[in-house]
Amino acid sequence: MAKKGRFRGDLYYRVNVFPIELPALRERKDDIPSLAWHFAEKYAKRMRKSIESIRVEDMKALVRYEWPGNVRELQNVIERCVILSSNAVLYPPVLADVKRTGEHSGPMVQTLADAERKHILQTLRDTDWVIGGPDGAALRLGVKRTTLLYKMRRLDITRPINAQN
């Protein structure tokens, strides 16, 4: 690029004093657990949550995955997991995609809204579609009942006919 005039030659020689080679994350599998914990702690602190553990099988899935998006992809996956976590264990629905792909069959494609919708639907099924109260989905999700109702409307979540009394 310097030869073609697209990059300043003097700048190239300034930054090329000590070249640093950093292998891709897929070539540094031993770094994945440390990075996963670092990102989990970083985002848990930012979101005022407490993540105290990551299940062994989930960590193994993280290590097996090829990470075509490198460290940034790992960071995004862990951030999404922290967002969806409602207790001290890192919530793994996003990691299910990593587990399924095993080695690598392409990047995970799931929006935050899709992941949130799946998580809310699963919690509603687990609570037999009880939204409020001590056994309700809102409490399990760590949100107010009105917030859950808002999210359900926004994500177009309605109670199935066969789930109604």
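Modeller: Helices here are DSSP runs of H or I with at least four residues, numbered from the N terminus, and axes are lines fitted to C-alpha atoms over the stretch in contact, with angles running from 0 to 180 degrees between N-to-C directions. In this structure, helix α6 (residues 112–126) packs against helix α8 (residues 145–154) at an angle of about 120°, and their axes lie 11 Å apart. This is a predicted model, in which local features need pLDDT of at least 70 and side-chain atom pairs count only at pLDDT 80 or more, while totals for chains, interfaces and linings use all residues. Residues are numbered from 1 along each chain as its sequence is written, and side-chain values use heavy atoms, with hydrogens and water left out.

Biologist: Which word describes how α6 and α8 lie to each other?

Modeller: Angles under 35 degrees count as roughly parallel, over 145 as roughly antiparallel, 65 to 115 as roughly perpendicular and the rest as oblique; α6 and α8 are therefore oblique to each other.

Biologist: Which residues of α6 and α8 meet?

Modeller: Contact means heavy atoms within 4.5 Å, and on that basis E116, I120 and L124 of α6 meet L148, K151, M152 and R154 of α8. The residues of this contact divide into four nonpolar, no polar and three charged.

Biologist: How many helices and strands does the protein have?

Modeller: Strands are DSSP runs of E with at least two residues; the protein has eight helices and zero strands.

Biologist: What share of the residues is buried?

Modeller: Buried means under 20% relative accessible area, with a 1.4 Å probe and protein chains only, and such residues make up 35% of the 165 in the protein.

Technical notes. Ala, Val, Leu, Ile, Met, Phe, Trp, Tyr, Cys and Pro count as nonpolar, Asp, Glu, Lys and Arg as charged, and the others, Gly among them, as polar. Buried means under 20% relative accessible area, exposed over 50%, partly exposed in between (1.4 Å probe, protein chains only).
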